[in-house]
Amino acid sequence: MTWENPPAWRRQQILRDTRTVAVVGASPNPARASNFVATYLLASTGFEVYFVNPNATTILGRPVYPSLAELPVVPDLVDVFRRPEDLDGVLDEVLALDPAPSTFWLQFGLFDEELARRAEAAGLTVVMDRCLKVEHARFAGGLHLAGFDTGVITARRRD
């Protein structure tokens with residue numbers, strides 16, 4: 001049986017229930033996707049956001065932690081921006097937290113069925129190959145077809 005992401009209603013519920021997010025692989029470089037997503041999370045959500053990157057000290061004026069274990073809280077959701085070969089190690093870090101976060105979220109381009117099954121067996125909800133920013137904006141009602149927040153919430157189609 002092929003692994004599938006939770007349906008849209010469940011992803012929306014995950015985001016509604018999430019209070020704290022750790023962005024693993026966050027980059028201080030504004031040209032990187034993780035920085036763009038981090039900027040959105042800080043500006044457009046009520047999430048308490050923490051950055052994890054052993055090679056940075058601050059991102060967007062906030063402290064950066066070298067590992068998940070060094071965060072001051074256990075996040076509800078871990079959003080991962082890392083290479084595919086690093087994912088097993090990130091999951092090991094997630095599973096070492098006590099209590100474990102409820103959601104393990106892998107950004108666009110990251111999909112590993114075996115990893116997802118291992119995470120789910122440990123009690124985590126897994127979302128893969130989805131952007132946290134895009135999903136949040138989509139469920140918040142302001143996402144343009146190109147993936148940008150229009151700032152307009154309406155059911156009326158433009159002529």
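Student: What covers the buried residues of helix 1?

Tutor: The cover includes strand 5, strand 6, strand 7 (125–127) and helix 5 (132–140), where contact means heavy atoms within 4.5 Å. Helices (H or I, at least four residues) and strands (E, at least two) are DSSP runs, numbered from the N terminus. Keep in mind that this is a predicted model, where local features need pLDDT of at least 70 and side-chain atom pairs count only at pLDDT 80 or more, while totals for chains, interfaces and linings use all residues. Residues are numbered from 1 along each chain as its sequence is written, and side-chain values use heavy atoms, with hydrogens and water left out.

Student: Which residues of helix 1 are buried, and what puts them on the same side?

Tutor: They're Arg11, Ile14 and Leu15. Their arc around the axis is only 95°, so they sit on the same side of helix 1; the arc is that of the directions from the helix axis to the C-beta atoms. On the other side, Trp9, Arg16 and Asp17 are exposed.

Student: Why is Trp3 called buried?

Tutor: Buried means under 20% relative accessible area, exposed over 50%, and partly exposed in between (1.4 Å probe, protein chains only). Trp3 has 5%, so Trp3 is buried.

Student: And why is Phe111 called partly exposed?

Tutor: Phe111 has a relative accessible area of 42%, so it gets the in-between label, partly exposed.

Student: What makes the rings of Trp3 and Phe111 an edge-to-face pair?

Tutor: Rings of Phe, Tyr and Trp (its six-membered ring) pair if their centres lie within 6.5 Å; planes under 30 degrees apart count as stacked, over 60 as edge-to-face and the rest as tilted. Here the centres are 5.8 Å apart and the planes are at 65°, so the pair is edge-to-face.

Student: Why does this pair tie together parts that are apart in sequence?

Tutor: Trp3 is in the segment before helix 1 (8–17) and Phe111 is in the loop between strand 6 and helix 4, so the pair links parts 108 residues apart in sequence.

Student: How do you know that Lys133 lies over the face of Tyr40?

Tutor: A charge sits over a ring if NZ of Lys or CZ of Arg is within 6 Å of the ring centre and within 35 degrees of the ring normal. Lys133 lies over the face of Tyr40, at 4.8 Å from the ring centre.

Student: Why does Val74 count as partly exposed?

Tutor: Val74's relative accessibility is 30%, so that's the label it gets. Val74 lies in the loop between strand 4 (62–65) and strand 5 (77–80).
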